[in-house]
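Have the structure open as you read.

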Amino acid sequence: MHKSLAVKSIYNFLFLFFISGIFLNVGASTIQEKDSVLSGISKPGHEDLVRGERLFNGLVYQDEKSVNCAACHNTKESDTLNWNPNALDISLKYKNKKTADLSRVLLKPTGVKLSEVHKNFQLTSGDIALIKAYMDEFTAIGLKKDKPVITNLLLFIIAMILFLLSATDMIITKILKRRWINLITIALTVIFITYTLVVTGIALGRSKDYSPDQPVKFSHRVHAGQNGTDCLYCHSSATYSKAAGIPPVNVCMNCHLLVRNGSRSGTFEIAKVTGAFDENRPISWTKVYNLPDHVFFSHAQHVTAGGISCQKCHEKVEEKDKISQVPDLSMGWCINCHRTTRVNFKGNPFYTHYTELMEKMKSGATDSVTVDMTGGIECMKCHY
């Protein structure tokens, strides 16, 4: 009887141990699953990426509501300034971070702008892990580019084909009895082909309206317009150098040492500036105005000697968020400006010799000569 009680006790102990082991295993797996969700999906499948993309684009609804990340963070290239960082920027920022870091930004934002935009977000840890997986994949995909417009190319090809067919029929095959059809076709296609070649050739190398994306979303409307920052504060070398110069990061930090939160972009764009300063690296700005190598241009010659304002060539930059190339920078554009712009020689130290010449002419010490009071159109002024 004692043996049966002992055996029964052993069975009960083993049974309880087995049951408790099951519960412990389930609990451990639940905790592990939760930790894996918060740390991200190590090997996301195609379905995970698709669902993450749908969540990012606001195509998944929860309680009749959706969170549309793409509404603020564009996934396509755009020629207009979007103060919110695009999908590629935020994907690159959080690529080497944990899902928990992204979760804090989405659900518990700290900045004024983020708190306003991310208010009342309803996302589970699993949803955020899927979004993070899609964002990691997006760093390799990049922003979608608009398809190039090929209408003119197609018309040019069609015109060439019609020209060749008409010329061949008129000279060799002679299928059409009404030769005037071939003559009209040849005349119209020759005019169109010639016009296309001339216009395309003239535009070759010119970049009117060129407006590239910059590494930092800098707005002249905010800095030069709203804040009243003088152009020469940032482009100080324009008065004495060939180039106007791009301000180094330490010039930006004169203000942004204190200003860390923008009213439009929040902290994201300013963090790029402060980050570059902390890492002692320059910001790789993209040059907008580019002249051919065989053309000489000096900002000092125009700004200091000629007294030309920045707006003369760059228009009202204080009213622009995104800078673009306004003129086509053709030789005709430059010559027209040189012909019509009068230079003030009097009291201008750059033209001391002109002032001395004028005084000698008045006193009769030298013969009268013709003095060009405009910018001049001599070839050697720009090509030497």
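Helix α7, spanning residues 151–173, is the main contributor to a nonpolar surface patch, giving eight residues. The patch is made of Ile150, Leu153, Leu154, Leu155, Ile157, Ile158, Ile161, Leu162, Leu165 and Phe192, and together these residues have about 880 Å² of accessible area. One of the residues in helix α7 is Ile157. Is Ile157 buried or exposed, or in between? Its relative accessibility is 40%, so Ile157 counts as partly exposed, because that class lies between the 20% and 50% limits.

Stepping back, please keep in mind that this is a predicted model. The chain has 16 helices and zero strands, and its overall values are as follows.

| Property of the chain | Value |
|---|---|
| Buried share of the 384 residues | 27% |
| Share of contacts with a separation of 6 or more that join residues 24 or more positions apart | 68% |

The largest nonpolar core has 21 residues, and Phe56, Leu102, Leu123, Ile131 and Met135 touch the most other members. At least two residues of this core come from each of α2 (46–56), α3 (87–93), α4 (99–107) and α6 (125–141). The most come from α6, with six residues.

Phe56 is worth a look of its own. Beyond its neighbours within four places in sequence, Phe56 has contacts that include Val67, His73, Ile90, Ile131, Tyr134 and Met135. There is also a second, separate core of seven residues, with Cys252, Met253, Ala276 and Ile283 among them.

Technical notes
Residues numbered from 1 in each chain as written. Predicted model: local features only at pLDDT ≥ 70, side-chain atom pairs only at ≥ 80, totals over all residues. Heavy atoms only, no water. Helix = DSSP H or I, 4+ residues; strand = E, 2+ residues; numbered from the N terminus. Buried < 20%, exposed > 50% of the residue type's maximum accessible area, 1.4 Å probe, protein only. Contact = heavy atoms within 4.5 Å. Patch = residues over 30% accessible without salt bridge, like charges linked within 9 Å, V, L, I, M, F, W, Y side chains within 5 Å. Areas by Shrake-Rupley, 256 points an atom, 1.4 Å probe, with all protein chains shown as cover. Salt bridge = Lys/Arg side-chain N within 4 Å of Asp/Glu carboxyl O. Core = buried A, V, L, I, M, F, W, Y, C linked by side-chain atoms within 4.5 Å.
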